[in-house]
Amino acid sequence: AEYVFTRENVKGFEIDFSVVIVDEDTALEPEILGLELLADRDTNLIKAGFVDNEQYFVYLDAHYAGITLEQFYKAFEVNAKYAESIGMYISSNKELVCNGDILVVDAKNAAGEKVKKTYVIIILGDTNCNGRADAGDAVAMAAHHVGKQELDPTSWLAFDLNRNNKQ
């Protein structure tokens, strides 16, 4: 149960505080598990980005040289109400986070119940899915534009920089 209290102190300020009493059988719901891009991230590595918690995409405008797994983990925070433990991992054997990588976020409560969400990472401009913005991406975009190569769905999302679903 969660109890919220409001009190006005003698100097006229309102003080809000809450007390959360969590029983061991408090259920974790998928809706309470979320991912957030931190505002104080290293702006040299991630120029912009957002998390789509409804369609489970993480969009990043990353540095052209890419972003490592360690740097990625530092840029995000997992939010999970009533969770005893939380986790975030990308199952990749590559040094860099690449377009199309899968991010798994999970949480567990005191009773051992688990919830999990899976996100697809979209690195804007990384159409060849190597984690960098380089000449190979331009070649893939040009080949798609002239009809020589069809982009897969994640490459298309990386190619569609303004997200208007048009070439």
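Buried means under 20% relative accessible area, exposed means over 50%, and partly exposed lies in between (1.4 Å probe, protein chains only). This is a predicted model, in which local features need pLDDT of at least 70, side-chain atom pairs count only at pLDDT 80 or more, and totals for chains, interfaces and linings use all residues. Residues are numbered from 1 along each chain as its sequence is written, and side-chain values use heavy atoms, with hydrogens and water left out.

**Aromatic pairs**

Rings of Phe, Tyr and Trp (its six-membered ring) pair if their centres lie within 6.5 Å; planes under 30 degrees apart are stacked, over 60 edge-to-face, and the rest tilted. The structure holds six such pairs. Two of them are tabulated here.

| Pair | Centre to centre | Angle between planes | Class |
|---|---|---|---|
| Tyrosine 56 and tyrosine 119 | 5.6 Å | 75 degrees | edge-to-face |
| Phenylalanine 72 and tyrosine 73 | 6.2 Å | 75 degrees | edge-to-face |

Tyrosine 119 is buried, at 0% relative accessibility. Tyrosine 56 is partly exposed, at 31%. Phenylalanine 72 is buried, at 0% relative accessible area. Tyrosine 73 is partly exposed, at 26%. Phe50, Phe57 and Tyr59 form one aromatic cluster.

**Cavity**

On a 1 Å grid over the protein atoms alone, a cavity is a set of points where a 1.4 Å probe fits but cannot get out; lining residues have an atom within 4 Å of a point. Grid points are joined across faces, edges and corners, and a volume is the space filled by probe spheres set on the points. There is one cavity of 30 Å³ or more. The largest cavity holds about 40 Å³. Its lining includes His63, Asp126 and Arg132.

Definitions and conventions
1 Å grid on protein atoms, 1.4 Å probe; cavity = no way out; pocket = protein on both sides within 12 Å on 5 of 7 lines; lining within 4 Å.
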